[in-house]
Number of protein chains: 2
Amino acid sequence: MAVNPTQTRIRNAAIRLFAKKGFHGVGIRELAQAAKVSPASLYHYIGSKEELLADIMWESLERLLSAAMLATTDVADPREKLGRLVTLHVVAHAVQSKETAVVDNELRSLAPKLRKRVIDKRDAYEQLWAETIEQGAEAGLFRSDHDGLARRALLEMCSGVARWYSTKGEIKLDTLASEFTDIALRSLGTGEAPPQPDMDRCRTIVKYTWGTKV
Amino acid sequence: MAVNPTQTRIRNAAIRLFAKKGFHGVGIRELAQAAKVSPASLYHYIGSKEELLADIMWESLERLLSAAMLATTDVADPREKLGRLVTLHVVAHAVQSKETAVVDNELRSLAPKLRKRVIDKRDAYEQLWAETIEQGAEAGLFRSDHDGLARRALLEMCSGVARWYSTKGEIKLDTLASEFTDIALRSLGTGEAPPQPDMDRCRTIVKYTWGTKV
């Protein structure tokens, strides 16, 4: 995809509309109109709306993976490596917020066959994070993350930037990247463990509030 | 809303469908069918589809706010208070993943007038987090968070649970809450600052990869 001007136009219109209204909220006619092609020739370019979504997601993850490899290729220190992963992820989600939001929100919209290809690419990207955290744990610099919870927590934290950050707002990209790197590295630190939560109390409140037994 | 069985049925069907297909992807007929009412009587109950969404979001945030106040009302130590906020938020997003996902994803779907009421409620909830972090900073227990970046980072991290956690999976709710509390408290800790990111390198890579100047 995205090899000639028409395909690029379709792809950009799709990202804009999917980000705004969700995949299921965008009709083929609306997409064709936004991309300035007829519905018939739209199908010629994209196969199906679902294939277009899968292509957009796969390409976006492929770009993120390449960029992350490029950012970390010459670094040995796991702390510096993780700092670069966080910085790149945060900046990508800040400046490409529509594209990344589509990747993050629309996995549910893909049928299993198309989904697998996208998930494989996402897993390859997350593997970079997992390896870096593991490397840091082996070097005694990070706590270990056997169940991958820290990795997931940090990825969601950094992806969340696409949902609230505005490049036109008051917070500079440098401040954002620096603060998020700081949070990520502190959270993985090997210092004294902070106090633990009171789960019993939380269970009681959740049952009282939502009627859900947990 | 949600004061009689029909309203509860409509509300639950709407949450299920909005979470699955997005607000714009769900038609009135489909919603009526799922809630087992006629389209005409659906309008009698909900006003409009957008008002129904706003009600669902407002109610969900109101419940989260009440639960969070209940969870923290008798705590003085800001670390313990933040631990309780994190635990409650994580557990709520784990067990009420559809409802909370609708709240997190569909703000874009509300017109300004309806949106304001929902945002005010969300702000009241986030204010609890802001006050707790500030209280910790004043006591010298947390780093200060003047620009609210740590608060946003932690909220997104905890809300992200609704996107990937399954109560049927291998990770227990207690482990999840405990690890997330640990991450949150460590990240706010006042210990030595970790190394800073190399933004210049990241800028170059982002420009090379996405063609975006940052």
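Q: What makes chain A a two-domain chain in this predicted model?
A: The domain assignment of chain A gives domain 1 as residues 1-47 and domain 2 as residues 49-210. The C-alpha centres of these two domains of chain A lie 28 Å apart. Their contact takes 17 residues from domain 1 of chain A and 14 residues from domain 2 of chain A.

Q: Why is the pair A:Arg11 and A:Glu59 called a salt bridge?
A: The closest N and O atoms of A:Arg11 and A:Glu59 are 3.0 Å apart. The rule asks for a side-chain nitrogen of Lys or Arg within 4 Å of a carboxyl oxygen of Asp or Glu, and therefore the pair qualifies. Between domain 1 and domain 2 of chain A the count is 2 salt bridges, and the rule finds 5 residue pairs in polar contact across this interface.

Q: Which helices of chain A each supply at least two residues of the side of domain 1 that touches domain 2?
A: They are α1 (5-21) and α2 (28-35) of chain A. The most comes from α1(A), with 7 residues. By class, this side of domain 1 of chain A has 12 nonpolar, 3 polar and 2 charged residues.

Q: How do you know how much area domain 1 and domain 2 of chain A bury between them?
A: Buried area is the accessible area that two parts lose on being put together, summed over both, so the value of about 1,500 Å² covers both domains of chain A. Of this area, 69% is on carbon and sulfur atoms. In domain 1 of chain A, A:Arg11, A:Ile15 and A:Phe23 lose the most area to domain 2, together 40% of what that side buries.

Methods:
Residues numbered from 1 in each chain as written. Chains lettered and ligands numbered in written order. Predicted model: local features only at pLDDT ≥ 70, side-chain atom pairs only at ≥ 80, totals over all residues. Heavy atoms only, no water. Domains from an automatic or database assignment. Contact = heavy atoms within 4.5 Å. Buried area = accessible area lost by both parts, 1.4 Å probe. Polar contact = N/O pair within 3.5 Å; in protein donor to acceptor, adjacent residues only side chain to side chain. Helix = DSSP H or I, 4+ residues; strand = E, 2+ residues; numbered from the N terminus. Nonpolar A, V, L, I, M, F, W, Y, C, P; charged D, E, K, R; others polar.
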